[in-house]
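Please look over the sequence and the model shown here before reading on.

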Amino acid sequence: MKLITEVSRNIQVKGEDENVYIEGIFSTADLMNENGRKYKYDVLDREVRKLEEKISKKCLWGELGHPPNPEINPDRISHLVEKLFWEDNNLCGRAKIVDTAMGKTAKVLIKEGNLGISSRGLGTVSESDNYVNEDFNLITWDLVTDPSNSPSWVKGIYEDKEFGVKKEEIVVPEPKLEDIQREYHRKVWQVLIDIEKNI
């Protein structure tokens, strides 16, 4: 299955300082999006119903920027989705920007410019009608920047990577040695940069 991402810019920012919220259209059903894909209402609604339990337990987290994998990364959490509801074919939502490092960054970006919201899920797409198939598994929505060339932006940069879903759980393939080495070097450099800042 592929990691599928779609961007919506139909959101507004509510509140200031301590309590900042993103509200608006998170996804749309039965409409061809800029990425050339469509989502059946029934499929999106099924996934929303599955996420309602996470909303009630206050654990439908989202990140600042899409990660390279399906899992939620606690160190990248920027917001908490608090509400999802339908208005015709538009799936609307409300998310609170939380007081994490990424949440604080998101507040600055919101103050200085604009952010979009982008769904993240796993699935396949029918070649015959461009609908996302029944195997779609919606994970969350992430905050994303919005470059001027939006058709290029919405082509998810991780869509060529395969992921598996088994019994409602997300299974990520074993990482390659070069990926592990790259991540190790990135973290070492980050530590060195942080140490230099504190000297």
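## A question to begin with

Is E63 buried or exposed? E63 is buried, with a relative accessible area of 0%, where buried means under 20% relative accessible area, exposed means over 50%, and partly exposed lies in between (1.4 Å probe, protein chains only).

This is a predicted model, in which local features need pLDDT of at least 70 and side-chain atom pairs count only at pLDDT 80 or more, while totals for chains, interfaces and linings use all residues. Residues are numbered from 1 along each chain as its sequence is written, and side-chain values use heavy atoms, with hydrogens and water left out.

## Salt bridges

Side chains of opposite charge can pair when their charged atoms come close. A salt bridge is counted here when a side-chain nitrogen of Lys or Arg is within 4 Å of a carboxyl oxygen of Asp or Glu, and the search of the whole structure finds 12 of them. The buried E63 takes part in one, with R76 as its partner and 3.6 Å from N to O. Because R76 lies in the loop between strand 4 (61-63) and strand 5 (77-87) whereas E63 belongs to strand 4, this pair ties together parts that are 13 residues apart in sequence. The helices (H or I, at least four residues) and strands (E, at least two) named in this report are DSSP runs, numbered from the N terminus. R76 itself is partly exposed, at 26% relative accessibility.

Another salt bridge joins E53 and K57, whose closest N and O atoms are 2.9 Å apart; E53 is partly exposed at 48%, and K57 is exposed at 55%. D99 and K104 also meet in a salt bridge, at 4.0 Å from N to O, with D99 exposed at 57% and K104 partly exposed at 48%.

Strands of a sheet pair through backbone hydrogen bonds, either parallel or antiparallel. In this model five strands form an open sheet in the order 2-3-6-5-4, with antiparallel pairing; two strands are said to pair if DSSP finds at least two bridges between them. Strand 2 (11-14) and strand 4 stand at the edges with a single partner strand each, so one side of each is left without a neighbour in the sheet. From one strand to the next, the twist averages 30 degrees, where axes are lines fitted to C-alpha atoms, for helices over the stretch in contact, and angles run from 0 to 180 degrees between N-to-C directions.

The pairings can be followed across the sheet. Strand 2 and strand 3 run antiparallel and are joined by four bridges, and I11 has G24 in strand 3 as its bridge partner. Strand 3 is in turn joined to strand 6 by eight bridges, again antiparallel, with E23 bridged to R94 in strand 6. Strand 4 and strand 5 pair over three bridges, and the bridge partner of G62 is H79 in strand 5. Strand 3 is mostly covered, since seven of its nine residues are buried.

## The helices against the sheet

Helix 1 packs on the sheet, touching strand 3 (20-28), strand 5 and strand 6 (90-97), and its direction makes about 130 degrees with that of strand 5; contact means heavy atoms within 4.5 Å. Helix 2 (residues 101-112) lies across strand 2, strand 3, strand 5 and strand 6, running at about 65 degrees to strand 5.

Within helix 1 (residues 41-56) sits E47, which is buried at a relative accessible area of 1%. Its side chain reaches the backbone nitrogen of L138 at 2.9 Å. Not counting residues up to four places away in sequence, E47 touches F136, N137 and L138.

## Two loop residues with positive phi

Most residues other than glycine have a negative phi, and most peptide bonds are trans. K58, although not a glycine, has a positive phi of about 55 degrees; K58 is found in the loop between helix 1 and strand 4 and is exposed at 61%. N130 likewise has a positive phi, near 65 degrees, and is found in the loop between strand 7 (116-123) and strand 8 (137-144), where N130 counts as partly exposed at 29%.

Technical notes:
A polar contact is a pair of N or O atoms within 3.5 Å; within protein, one must be able to donate a hydrogen and the other to accept it, and residues adjacent in sequence count only if both atoms are side-chain atoms.
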